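Keep it brief and tied to the residues.

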Amino acid sequence: MTLQLSREDARRIAVRAQLLDADRPGDLFEVARHLTAIQAEPTSPIAPSADLVLWSRLGPSYDPGELRDALDEQALIEHQGFIRPVEDMALFRAEMAAWPGTGPLKDWEVERAEWVEANNGCRLDVLAALRSDGPLPTSALPDTCEVPWRSSGWNNNRNVQRLLALMVQRGEVATVGRQGREPLWDLAGRVYPDDPVPDVETARQELAERELRALGIVRKSPAGEPAVVEGVRGTWKVDAGLLDGSFTGRAALLSPFDRLVFDRKRLVDLFGFEYQLEMYKPVEQRRWGYYALPVLYGDRLVGKLDAAADRAEGALVVRALHEDEPFADEMAAAVWAEVEDLARWLDADVVRAE
C-alpha cells in the first residue's frame, strides 16, 4: 500500500529523523550512530560544520573536544569526507572487497582500475611510506605516478590525491585525522576493526536502511514504505517508524552542510525552501551571505542567518537575519534565543553589524 502524506507530514518525518525536534538526543555517539554520516567540512567562519551539526542537536552541552577525542581514539573515523561510527566500517569494507565493482563493470570503473594498475608502483610507494612512517599528510607522500590523472576540473594532475581516494575505495588506506586542512593517512588495517564483513548485497541493504532512518523520507531506496506527498510529483520511501504523528518542534540553526538541507531538490519539494551556499560566489552576487545558516522553526525552514565568529574580539557578528516571510513575535524570540545560545557556546557575545 502506498502511504498518502501531506507536505507537513513529510517535513515532520524529515525533521524528526534528523534529531532536530524538541526531543534532543543524549550524547555525541547517539547522534553519530543515528545520523550515520556527518560531513567533515573544515571551513570555519563560525565553527567547523561537524561541530555545528552536533551543536544543533545537542545544544550548549556539546563540547567540540569530545569529537576530537572520539576521532583520535578512532571510535569515530573520517571516511570519504564523512565522520562515521567505526563499527559501520564493516559495511563499507564489503564494497571495498568488491572493488572496482560488482557485475558487469561500467566504463568508468574499468578506467579507474586501469589507472590504478598503471600507477601500481606509486601505490606501493605510498603503502611503504605509511607502513614505515604513518600517519602522514598528503603532502608527505611520494608522487611517483607514471600516468597522470587527467580531468577538465580542479583534480587535473592531482595524482596522489586521486590515488589515495581510490585506495580508500580499495580498503588500503584510511583517514586518521588532519594536519591543518590536510588529511592524515595510515594503513586501513591499523584503523578499521577486524569485524566480520557481510556480503555486498547484505551490506547495501543495511546501509540503505540506516540512511532511511537518518533521513526519514527519500526519493529512492530499497528500504522503507512507498509514499506520495501531496502536491509533489513522484514516489518517496518513508521510515514507517516515524508515522505515529508525534512531533514537537523547536528553533534550530543549521550548518550549510547539514543533511536536512544538503539535498537541494528535496529541500524545495518538501520545505519550499530556496538555499545556496554562497561562499564560492563573488560578494556582489550573494543574497544571504558567505556562510549563511539555514533557520529551522518547527517543521519549516524560515530564513538564513548571516553571521561570523570574530574570535579575537569574542564576538558572534550578526550581519543579517534574512526572514523568508516576516517572523511572528514567538518565532522571532525563539530564533534569537538560538542565536544567543550559539554565541554562548562559542564563548562570545552577539554583536549586530551596523
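Contact here means heavy atoms within 4.5 Å. This is a predicted model, in which local features need pLDDT of at least 70 and side-chain atom pairs count only at pLDDT 80 or more, while totals for chains, interfaces and linings use all residues. Residues are numbered from 1 along each chain as its sequence is written, and side-chain values use heavy atoms, with hydrogens and water left out.

**Asn119 and the cysteines**

Leaving aside neighbours within four places in sequence, Asn119 is in contact with Cys145, Glu146 and Val147. Asn119 sits in the loop between α6 and α7 (120–133). Helices (H or I, at least four residues) and strands (E, at least two) are DSSP runs, numbered from the N terminus. The relative accessible area of Asn119 is 1%, so Asn119 is buried. Buried means under 20% relative accessible area, exposed over 50%, and partly exposed in between (1.4 Å probe, protein chains only).

How many disulfides does the structure hold? It holds zero. A disulfide is a pair of cysteine sulfur atoms within 2.5 Å. The sulfur of Cys122 has its closest cysteine sulfur in Cys145, 3.6 Å away, which is too far for a bond. Cys122 counts as buried at 1% relative accessibility. Cys145 counts as buried too, at 17%.

**Nonpolar cores**

A nonpolar core is a set of buried Ala, Val, Leu, Ile, Met, Phe, Trp, Tyr and Cys residues joined through side-chain atoms within 4.5 Å. The largest has 70 residues. Ile217, Leu260, Phe271, Leu305 and Leu342 have the most contacts inside it. Another core lies apart from it, with 21 residues, including Val126, Leu141, Trp149 and Leu163.

Take Ile217. Beyond four places in sequence, its contacts include Leu5, Ile13, Leu212, Trp236 and Leu270. Lys237 and Arg266 are also among the contacts of Ile217.

**A buried helix and a buried tyrosine**

Is helix α3 (residues 49–58) buried or exposed? In α3, 10 of the 10 residues are buried, so the helix is largely enclosed by the rest of the structure. Among them are Asp51, Trp55 and Arg57. Gly59 follows α3 and has a positive phi, near 85 degrees.

Tyr275 lies in the loop between α11 (264–271) and β12 (293–297). At 5% relative accessibility, Tyr275 is buried. Not counting residues up to four places away in sequence, Tyr275 touches Pro256, Arg264, Leu267, Trp288, Ala292, Pro294 and Lys304. Tyr275 and Val261 are 14 residues apart in sequence, and their C-alpha atoms are 8.3 Å apart.

**Pocket and cavities**

On a 1 Å grid over the protein atoms alone, a cavity is a set of points where a 1.4 Å probe fits but cannot get out, and a pocket is an open set with protein on both sides within 12 Å along at least five of seven lines; lining residues have an atom within 4 Å of a point. Grid points are joined across faces, edges and corners, and a volume is the space filled by probe spheres set on the points. Ala, Val, Leu, Ile, Met, Phe, Trp, Tyr, Cys and Pro count as nonpolar, Asp, Glu, Lys and Arg as charged, and the others, Gly among them, as polar.

| Space | Volume | Lining by class |
|---|---|---|
| Second largest pocket | about 730 Å³ | 12 nonpolar, six polar, 10 charged |
| Largest cavity | about 50 Å³ | five nonpolar, three polar, one charged |
| Second largest cavity | about 30 Å³ | five nonpolar, two polar, one charged |

The second largest pocket is lined by 28 residues. Gln80, Phe92, Glu95, Arg204 and Leu207 lie nearest its centre. Helix α9 gives the largest share of this lining, five residues.

The structure holds two cavities of 30 Å³ or more. In the largest cavity, β3 (76–79) and β6 (173–179) each supply at least two lining residues. The lining of the second largest cavity includes Gln18, Val53, Phe257 and Arg259.

**Backbone details**

Which peptide bond is cis, with omega near 15 degrees? The bond from Trp99 to Pro100 is. Pro100 is in the loop between α5 and α6. A cis bond also joins Gly134 and Pro135, with omega about 0 degrees.

Thr36 is not a glycine, yet its phi is positive, near 70 degrees. Thr36 is buried at 8% relative accessibility. Gln74 also has a positive phi without being a glycine, about 60 degrees. Gln74 is partly exposed, at 25%. Gln74 is also one of the residues that line the largest cavity.
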